[in-house]
Amino acid sequence: MSGTLYICSTPIGNMEDITLRALRVFKEVDLIAAEDTRTAKKLLNHYEINTPVTSYHEHNEKNKAPKIIELLLEGRNIALISEAGTPGISDPGYELIREAVNHGIKITVIPGPSALISGLVVSGLPMDRFAFEGFLPRKRSQRRQILENLKNEPRTLIFYESPHRLEETLEDMKEIFNDRRAVLARELTKIYEEILRGNLGELLAAVREKGARGEYVLVVEGAKEQDQTGEIEEWQFLGVKEHVKLLVKKGYTKAEAVKEAARLRGLPKGDVYKYVTEDELNEENSN
Ligand code: SAM
């Protein structure tokens with residue numbers, strides 16, 4: 001019987017962000033396939049784990065994946081880790097996972113940190129729907145083309161970016177997306193963790209002034225409805241209360257209508273709710 005491939009998340013900066021299950025699996029498996037053996041050993045030494053480690057990175061992925069598959073088919077259990085966060089997410093892993101699927105090998109996940117989810121949840125931007133874009137291309141023309149294609153995307157957008165290209169990327173975004181809200185989540189879970197909220201212009205000014213250092217997740221508000229169609233919608237002529245009433249008339253429940261009106265207007269749900277309940281109280285009082 002073949003062994004199991006464990007896809008394991010590891011810390012994105014804080015050594016304590018490792019699950020008890022991951023530590024147990026690291027002890028129990030025959031081998032740990034790691035993107036960076038030095039980072040892996042640092043983590044394993046910290047928790048006094050002596051399991052052998054082999055390298056599995058961007059440059060040997062194609063040759064190494066078949067060897068790891070062979071070991072799995074022989075019955076070895078193997079844990080896959082990347083340098084930080086979740087393997088396969090802007091990191092090596094896909095090749096091995098796809099081949100394991102093709103060979104009918106059992107795969108299981110040990111969930112944990114990923115910078116994209118951490119950046120999204122601290123951003124304060126809508127997180128009910130989002131699109132992860134990873135790293136944008138280094139070449140400006142290609143980067144701008146992707147941003148143009150994303151211009152009308154209503155979901156919150158999440159990017160990884162290196163400090164060397166952050167300023168250029170923010171410049172392109174400001175030009176193509178206009179000045180929407182965005183958040184720079186820097187050095188998450190580390191000593192110099194910093195969350196910078198503003199619009200794209202403000203973030204660009206801050207990066208120009210202070211420079212960029214460390215690791216960044218960039219979260220950008222999605223396009224508003226009117227940006228997508230270029231047309232003015234009926235609700236844009238209405239106040240908040242009338243907007244909610246219109247949605248209820250269209251078949252939304254009251255709770256759904258409040259949520260949708262908040263999303264379309266870019267307002268906190270609580271604020272919209274307040275308008276509606278105030279309105280109802282006034283109606284009750286006048287009856
Ligand atoms: N596999 C990782 C994950 O699940 O998040 C991502 C690996 S990718 C090569 C590295 C990029 O993730 C960095 O350039 C940065 O954009 C982001 N990142 C990783 N750690 C971070 C942190 N502590 N704070 C902010 N961004 C981070």
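Trainee: Thr-189 first. Is it buried, exposed or partly exposed?
Mentor: Thr-189 counts as partly exposed, at 26% relative accessibility. Keep in mind that this is a predicted model.

Trainee: Why "partly exposed" for Thr-189?
Mentor: Because buried means under 20% and exposed means over 50%, with partly exposed in between. Thr-189 has 26%.

Trainee: Where does Thr-189 sit?
Mentor: In the loop between strand S8 (181-186) and strand S9 (194-199).

Trainee: What about the phi of Thr-189?
Mentor: Phi is positive there, about 70°, although Thr-189 is not a glycine. Ser-90 also has a positive phi, near 50°, and is a residue other than glycine.

Trainee: Where is Ser-90, then?
Mentor: Ser-90 lies in the loop between S4 and H4. It counts as partly exposed, at 31% relative accessibility.

Trainee: You mentioned S4. What is the strand order in its sheet?
Mentor: The order is S3-S2-S4-S1-S5. This is an open sheet of five strands, with parallel pairing.

Trainee: Which strands are at the edges?
Mentor: Strand S3 (53-55) and strand S5 (106-110). Each of them pairs on one side only.

Trainee: How much are neighbouring strands turned against each other?
Mentor: By 25° on average, with direction ignored.

Trainee: And what holds strands of a sheet together?
Mentor: Strands of a sheet pair through backbone hydrogen bonds, either parallel or antiparallel.

Trainee: Walk me through the pairs. How many bridges join S2 to S4?
Mentor: Four, and the two strands run parallel. In that pair, Leu-31 stands opposite Ile-78 in S4.

Trainee: How many between S1 and S4?
Mentor: Three bridges join S1 to S4, again in parallel. Tyr-6 has Ala-79 in S4 as its bridge partner.

Trainee: And S2 with S3?
Mentor: Strand S2 (residues 31-34) pairs with S3 in the parallel sense, over three bridges. Ile-32 stands opposite Val-53 in S3.

Trainee: Back to S4. Which residues cover its faces, and are they buried or exposed?
Mentor: Both faces of S4 are covered. Ile-78 and Leu-80 are on one side, Ala-79 and Ile-81 on the other, and all are buried.

Trainee: Which strands does helix H1 lie across?
Mentor: Helix H1 (residues 20-28) lies across strand S1 (4-8), S2, strand S4 (78-81) and S5. It runs at about 135° to S5.

Trainee: And helix H4?
Mentor: Helix H4 (residues 94-102) lies across S1, S4 and S5, running at about 150° to S1.

Trainee: Let me pick a residue in S2. Ala-34: buried or exposed?
Mentor: Buried, with a relative accessible area of 0%. Ala-34 lies in strand S2.

Trainee: What does Ala-34 touch?
Mentor: Leaving out residues up to four places away in sequence, Ala-34 touches Ala-40, Val-53, Thr-54, Ser-55, Tyr-56 and Ile-81.

Trainee: New topic: the ligand. How many residues surround it?
Mentor: There are 19. The closest are Asp-91, Ser-114, Ala-115, Tyr-160 and Tyr-216.

Trainee: Which backbone atoms come up against it?
Mentor: A backbone N or O atom of Ala-115 lies 2.7 Å from a ligand oxygen. One from Glu-161 lies 3.5 Å from an oxygen of the ligand.

Trainee: How much of the ligand does the protein cover?
Mentor: The protein covers 91% of the 570 Å² of accessible area that the ligand has on its own.

Trainee: Now helix H5. What about Ser-123?
Mentor: Ser-123 is in helix H5 (residues 115-123). Ser-123 is buried, with a relative accessible area of 2%.

Trainee: What does the side chain of Ser-123 reach?
Mentor: The backbone oxygen of Leu-120, at 2.7 Å. Not counting residues up to four places away in sequence, Ser-123 touches Val-183, Arg-197 and Val-219.

Trainee: Last one. Where is Arg-129?
Mentor: In the loop between H5 and strand S6 (130-135). Arg-129 is partly exposed, with a relative accessible area of 46%.

Trainee: And which residues is Arg-129 in contact with?
Mentor: Arg-155 and Thr-156, leaving aside neighbours within four places in sequence. The C-alpha atoms of Arg-129 and Thr-156 are separated by 6.6 Å, with the two residues 27 apart along the chain.

Technical notes: Residues numbered from 1 in each chain as written. Predicted model: local features only at pLDDT ≥ 70, side-chain atom pairs only at ≥ 80, totals over all residues. Heavy atoms only, no water. Pairing = 2+ DSSP bridges. Axes fitted to C-alpha atoms, helices over the stretch in contact; angles between N-to-C directions. Contact = heavy atoms within 4.5 Å. Near = heavy atom within 4 Å. Polar contact = N/O pair within 3.5 Å; in protein donor to acceptor, adjacent residues only side chain to side chain. Areas by Shrake-Rupley, 256 points an atom, 1.4 Å probe, with all protein chains shown as cover. Buried < 20%, exposed > 50% of the residue type's maximum accessible area, 1.4 Å probe, protein only.
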